[in-house]
Amino acid sequence: MTPRQRTARRRELLTWYRANRRDLPWRRTRDPYAIWISEAMLQQTRVETVIPYWHRFLEHFPDVASLAAADTDDVIGLWAGLGYYSRARNLHRAAQAVVERHDGMLPGDAELLRELPGVGRYTAGAVASIAFDRPEPIVDGNVARVLTRLLGIDGEVSSKPVQTRLWEEAEAIARGEDPGALNQGLMELGAMVCTPRAPRCLACPWTRSCVARKEGRQEQLPVKARKKAPKRVEAVAGFLERRGEVLAVQRPKKGLLGGMWELPGGELTAGEAAEEALVRWFREGLGLAIPGAESLGSVEHVFTHRRLRLHVFRCKPAAGRVRRAGWDAHRWVRRSGLAAMAFGGPARKALALASEHGNRS
Ligand code: SF4
């Protein structure tokens, strides 16, 4: 794009954005902390899902200091259901770093923001531009789609040359009047008009200049590498109740669903039957001998690279004390207390199945 063309594209984008932007709660504030939380939550997660979480999170932790001083379990608990829990742990650690390094005030400089745990180039650019009016670029999936189509960029979208080009273009666009609105306009255009399938080119402010539209290649761009099919994993979970309390275990801090609570169990080995695996996990992971279990059915949960099928059982009361080997902690919890704990997605589904079953029987 020539500088002149870029100026025209900026003007068109701003006019469109100001007339069409959705009224989202984090767009009604200039508080950098609130904007930062929204950006962390919006990664990989839909706007409608994020809205209630964002309100609840800010009610509990209204500023950097309160988040920094919070208990990790409480932070994870408020995140439960949003997925990608490393985001919550990073936010917590980043808030502590902001208190230590910046007196509790989120810096406006993108470089300083990027030194915080979990803050990458995208989040730093979003916070710096939206909350501090800095001309910093952002490129996420929406922006990449819009720009590859507008400019007719071929080449696999996650490849280094294409990413470099996209960040350069985004940087050049952000260097205009109201960088925050320009960046949000790009994202909004990707979310509302330049959608992955059937983009609404007639409603697009760039319809006359867009290369993909001129060439009829809207749906061929951006070029994506073939995705590998997610790996199928079979696992078991046991609902064990003793004197009105359910046994919950906490996953190790590192790894998938790190630090989250779940029902005891784990993956099946090759050729192993689900009930056999359940008995093994209770014996090896908890030192408990399960005399038998009733199948409650199964639930499915899809992670980025894994499709999990979780077989859920109600265990017959097991004798003995818990000797923990496979988990960081365990807790006997009254049914009424389960909702407040930070269970991961699969465990929530397993608990819902167990409770459904409990209500029927
Ligand atoms: S004209 Fe169509 S393909 Fe091009 S940027 Fe606009 S919505 Fe996307």
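**Contacts, core and a hairpin**

In the protein chain, 65% of the contacts with a separation of 6 or more are between residues 24 or more positions apart. The model is predicted, with an average pLDDT of 93 for the protein chain and 99% of the residues at 70 or above. Among the elements, helix α4 (residues 64–69) has the highest mean pLDDT, 98, and helix α15 (residues 345–360) the lowest, 85.

The secondary structure consists of 15 helices and 8 strands. The C-alpha trace spans about 75 × 50 × 35 Å along its principal axes. Of the 361 residues in the protein chain, 38% are buried.

In soluble globular proteins, nonpolar side chains tend to be buried together. Here the largest nonpolar core has 97 residues, and Val127, Leu278, Val312 and Ala350 have the most contacts inside it. This core takes at least three residues from domain 1 (3–220) and at least three from domain 2 (231–360).

Strand β6 (residues 293–302) and strand β7 (residues 306–315) run antiparallel and are joined by 9 bridges. The hairpin between β6 and β7 passes through 3 residues. Val312, in β7, is the bridge partner of Gly297.

Which residues is Val312 in contact with, leaving aside its neighbours within four places in sequence? They are Ala237, Phe239, Leu296, Gly297, Ser298, Val299, Ala350, Leu353 and Ala354.

How values were computed. Residues are numbered from 1 along each chain as its sequence is written. This is a predicted model: local features need pLDDT of at least 70, side-chain atom pairs count only at pLDDT 80 or more; totals for chains, interfaces and linings use all residues. Two strands pair if DSSP finds at least two bridges between them. Helices (H or I, at least four residues) and strands (E, at least two) are DSSP runs, numbered from the N terminus. pLDDT is the predictor's confidence in each residue, from 0 to 100. A nonpolar core is a set of buried Ala, Val, Leu, Ile, Met, Phe, Trp, Tyr and Cys residues joined through C-beta atoms within 7 Å. A residue is buried if 20 or more other C-beta atoms lie within 10 Å of its own, exposed if 12 or fewer, and partly exposed in between; C-beta atoms are placed from the backbone. Domain bounds come from an automatic or database domain assignment. Two residues are in contact if their C-beta atoms, placed from the backbone, lie within 7 Å.
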